[in-house]
Amino acid sequence: QQRRDMTADIAHELRTPLTVIRGNLEAMIDGVYPLDAEHLHLALNQVNLLSRLIEDLRTLALAEAGQLPLVKRPTDLGQLLGSILTSFAAEAAAHQVALRSEIEPGLPKVEVDPDRIQQTIAILISNALHYTPAGGSITVAGQQADGRVQIEVADTGAGIAPEDLPHVFERFYRADKSRSRAAGGSGLGLAIAKGIVVAHGGTINVASEPGQGKRMAIRLPR
């Protein structure tokens with residue numbers, strides 16, 4: 001059943017951009033649209049969406065098979081988190097969302113793939129931005145806890161309903177069914193984040209109440 005559901009989900013996700021590409025190309029061939037850069041860019045944007053979806057599917061498949069390649073090296077998580085926060089500053093400002101840092105000084109270095117961990121934190125912050133209204137805030141925290149290093153991304157958004165909480169890390173799952181791919185990504189982000197964290201021997205959890213925002217917590221071995 002899971003395999004059938006996954007196949008149906010992938011077919012659904014691929015169908016929309018392919019339909020848009022075909023429609024735009026046919027309209028240009030038939031003379032309905034002019035063959036200009038503007039309309040070619042519309043088709044190209046959909047091609048880029050397809051490329052991202054396919055790459056996400058590949059990453060997820062490798063993670064679930066335990067074959068995700070990791071290039072681990074001693075990494076200063078405080079410095080890495082600071083760099084990620086800087087990269088999201090402009091986007092958060094555009095959403096009128098305050099981006100806050102609560103990084104404990106002197107965090108120990110951890111043996112991780114910094115690119116993959118950066119990808120994971122970026123997924124969590126992007127997800128938080130989608131659900132946090134203007135005037136809200138997102139807090140990225142880093143601290144030591146029980147012999148592990150813990151990274152948290154907390155937001156002041158609408159939160160997650162109890163019935164949706166067990167499913168947030170499932171592929172293609174969207175608690176808000178009205179979110180389109182353009183507005184809400186492929187629906188694979190949190191599944192990929194979990195796969196990357198598990199590949200590092202860590203854990204990822206979510207805590208939330210409706211109307212109270214949510215808190216994503218990653219724990220990595222030191």
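What percentage of the 222 residues of the chain count as buried? In this predicted model, the share that counts as buried is 40%.

**The whole chain**

Begin by displaying the complete chain in a cartoon view. Its secondary structure consists of six helices and seven strands.

Next, select the C-alpha atoms alone. Along the principal axes, these atoms fill a box of roughly 65 × 40 × 35 Å. Then consider the contacts between residues at least 6 apart in sequence: 71% of them join residues at least 24 apart.

**The surface**

Switch to a surface view. The chain exposes about 12000 Å², and carbon and sulfur atoms supply 53% of this area.

**Two packed helices**

Now select residues 114-131, which form helix 4, together with residues 189-199, which form helix 6. Two packed helices are described by the angle and the distance between their axes. Here, the angle is about 145° and the axes lie 9 Å apart. The crossing of helix 4 past helix 6 is left-handed.

Finally, show the side chains where these helices meet. Helix 4 contributes R116, Q119, T120, I123, L124 and N127, while helix 6 contributes G189, L190, I192, A193, I196 and V197. By class, this contact comprises seven nonpolar residues, four polar residues and one charged residue.

Conventions:
Residues numbered from 1 in each chain as written. Predicted model: local features only at pLDDT ≥ 70, side-chain atom pairs only at ≥ 80, totals over all residues. Heavy atoms only, no water. Axes fitted to C-alpha atoms, helices over the stretch in contact; angles between N-to-C directions. Helix = DSSP H or I, 4+ residues; strand = E, 2+ residues; numbered from the N terminus. Left-handed = near helix turned anticlockwise from the far one by under 90°. Contact = heavy atoms within 4.5 Å. Nonpolar A, V, L, I, M, F, W, Y, C, P; charged D, E, K, R; others polar. Buried < 20%, exposed > 50% of the residue type's maximum accessible area, 1.4 Å probe, protein only. Areas by Shrake-Rupley, 256 points an atom, 1.4 Å probe, with all protein chains shown as cover.
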